[in-house]
Amino acid sequence: MIIIKTPEQIEKMAEAGRILTACHRELRKIIRPGISTMEINHFVDEFIQSHGAKAEQKGYKGYPFATCASVNDEICHGFPTQIPLHEGDIVTIDMVVNLNGWLADSAWSYPIGQISEQAKKLLKVTKECLYIGIEKAVIGNRLGDISHAIQVNAESNGFSVVREFTGHGIGNEMHEDPQVLHYGLPNRGARLCEGMVFTIEPMINLGSYNLTIDENGWTARTADGCLSAQYEHTIAITKNGPLILTEQD
Ligand code: MF3
Ligand code: CO
């Protein structure tokens, strides 16, 4: 069942979103060669707490950290480590902020120093996939319209779309209905209505979309060892079009 949110509830989620985006903006400044993903994780945890909110991922289904930090071939749910990031790496930092019971969720891929042309293209196309999907998030369209637009953009650029993880409704819970696939056919799935709030979070791979899960039971990585990137926003469907609750600019 898709839980429709009132404008007041959406504003509360937007408030959580503002803390989240302020945190990502700070990350842009501190992420550089030499910093470890554990340091990033601590920064995020402190930042969120110091703004009177909670890092919702910590303890969620036993997940041990405030962020997911997925480096290079890690697709998602990477565990923060003490290993310093190196020039040329890419890292996706995913976080969920809970402010007074209302949640916002956004992941962002960051380049570490100078990265390869291939990696730059992967980041560019993956971010495009997110925004192309968001453009389709208008009243009257269907979920499949979002899914399809993302898949076409990824594949026409020679990349692949991860199947196992999807966007999701969000509100008082991190994962609500509906599931938002990042591949599929247009004109299928639930019709979009005012007050729906969900994430769009394409994970796009340089090589094939096949993945493996690490022994920690969480971390997904590409089966072929190629790079993977992800950008995620929480959006609300409004009369005036999609409202991004986690926009960073
Ligand atoms: N933020 C992720 C999402 O988009 C969830 C991470 S799973 C967790 O759904 F357990 F680490 F929280
Ligand atoms: Co999400």
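Where in the chain is the place of asparagine 100? Asparagine 100 sits in the loop between strand E4 (90-99) and strand E5 (102-111). This is a predicted model, in which local features need pLDDT of at least 70 and side-chain atom pairs count only at pLDDT 80 or more, while totals for chains, interfaces and linings use all residues. Residues are numbered from 1 along each chain as its sequence is written, ligands are numbered from 1 in the order in which they are written, and side-chain values use heavy atoms, without hydrogens and water.

**View 1. Backbone at asparagine 100 and proline 178.** The phi of asparagine 100 is near 55°, a positive value in a residue other than glycine. Aspartate 177 and proline 178 are joined by a cis peptide bond, with omega about 0°. Proline 178 belongs to strand E8 (residues 176-180); strands are DSSP runs of at least two residues, and helices (H or I) of at least four, numbered from the N terminus. Most residues other than glycine have a negative phi, and most peptide bonds are trans.

**View 2. Helices H1 and H2.** The axes of H1 (residues 7-30) and H2 (residues 37-50) come within 10 Å and cross at roughly 145°. Axes are lines fitted to C-alpha atoms over the stretch in contact, and angles run from 0 to 180 degrees between N-to-C directions. Residues in contact (heavy atoms within 4.5 Å) include Ile19 and Ala22 of H1 and Ile40 and Phe43 of H2.

**View 3. Surroundings of ligand 1.** Ligand 1 is surrounded by 14 residues, each with a heavy atom within 4 Å. Polar contacts are pairs of N or O atoms within 3.5 Å. A nitrogen atom of ligand 1 lies 2.8 Å from a side-chain N or O atom of glutamine 57.

Methods: Polar contact = N/O pair within 3.5 Å; in protein donor to acceptor, adjacent residues only side chain to side chain.
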